[in-house]
Amino acid sequence: MRDFYVGQKVVCVNVRKMLRGYTNPILGSVYTIREDVPPEMYVDGAPGILLSEIVNPPEPHPCGDRERPFHSKRFRPVQTTNIDVFLKMLEPTPVKETVS
């Protein structure tokens, strides 16, 4: 199980067997999580997520009409790269002089 949170940026990594008649994510595209859907709310009993950029119509559900979430395994967190360590390497290093 992956730990996702609302507001997190994710990238779509799997578009096989997507639902027809719905707006689906595009492979390689980045999305923002607007809701983390617990496993008991998902049709297959798996964790799901809803995306800010894609809103589909609600469908009947035992807990009330809900938008069908996307399976969380179709996404991974966007990896951000911090280059601070490399910038630090480019800074000049002070040279210590010994006095005799």
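Glu 67 is buried, its relative accessible area being 11%; here buried means under 20% relative accessible area, exposed over 50%, and partly exposed in between (1.4 Å probe, protein chains only). The model is predicted, so local features need pLDDT of at least 70 and side-chain atom pairs count only at pLDDT 80 or more, while totals for chains, interfaces and linings use all residues. Residues are numbered from 1 along each chain as its sequence is written, and side-chain values use heavy atoms, with hydrogens and water left out.

Side chains of opposite charge can pair when their charged atoms come close. With a salt bridge defined as a side-chain nitrogen of Lys or Arg within 4 Å of a carboxyl oxygen of Asp or Glu, the count comes to four salt bridges. One of them joins Arg 34 to Glu 67, with the closest N and O atoms 2.5 Å apart. Arg 34 lies in strand β2 and Glu 67 in strand β5 (residues 66-67), so the pair ties together parts that are 33 residues apart in sequence. Strands (E, at least two residues) and helices (H or I, at least four) are DSSP runs, numbered from the N terminus. Arg 34 is partly exposed, at 28% relative accessibility.

A salt bridge is also formed by Arg 66 and Glu 35, whose closest N and O atoms are 3.0 Å apart. This pair links distant parts of the chain, Arg 66 in strand β5 and Glu 35 in strand β2, 31 residues apart. Arg 66 has a relative accessible area of 22% and is partly exposed; Glu 35 is partly exposed as well, at 29%. In strand β3, the bridge partner of Glu 35 is Leu 50.

Strands β2 (residues 30-37) and β3 (residues 48-51) pair in the antiparallel sense over four bridges; two strands pair if DSSP finds at least two bridges between them. An open sheet of five strands, with antiparallel pairing, has the order β6-β3-β2-β1-β7. Its edge strands, each pairing on one side only, are β6 (70-71) and β7 (75-77).

Rings of Phe, Tyr and Trp (its six-membered ring) pair if their centres lie within 6.5 Å; planes under 30 degrees apart count as stacked, over 60 as edge-to-face and the rest as tilted. By this rule there are two aromatic pairs. The ring centres of Tyr 31 and Phe 75 are 6.5 Å apart and their planes stand at 90 degrees, so the pair is edge-to-face. Phe 70 and Phe 75 also form an edge-to-face pair, at 6.4 Å centre to centre and 65 degrees between the planes.
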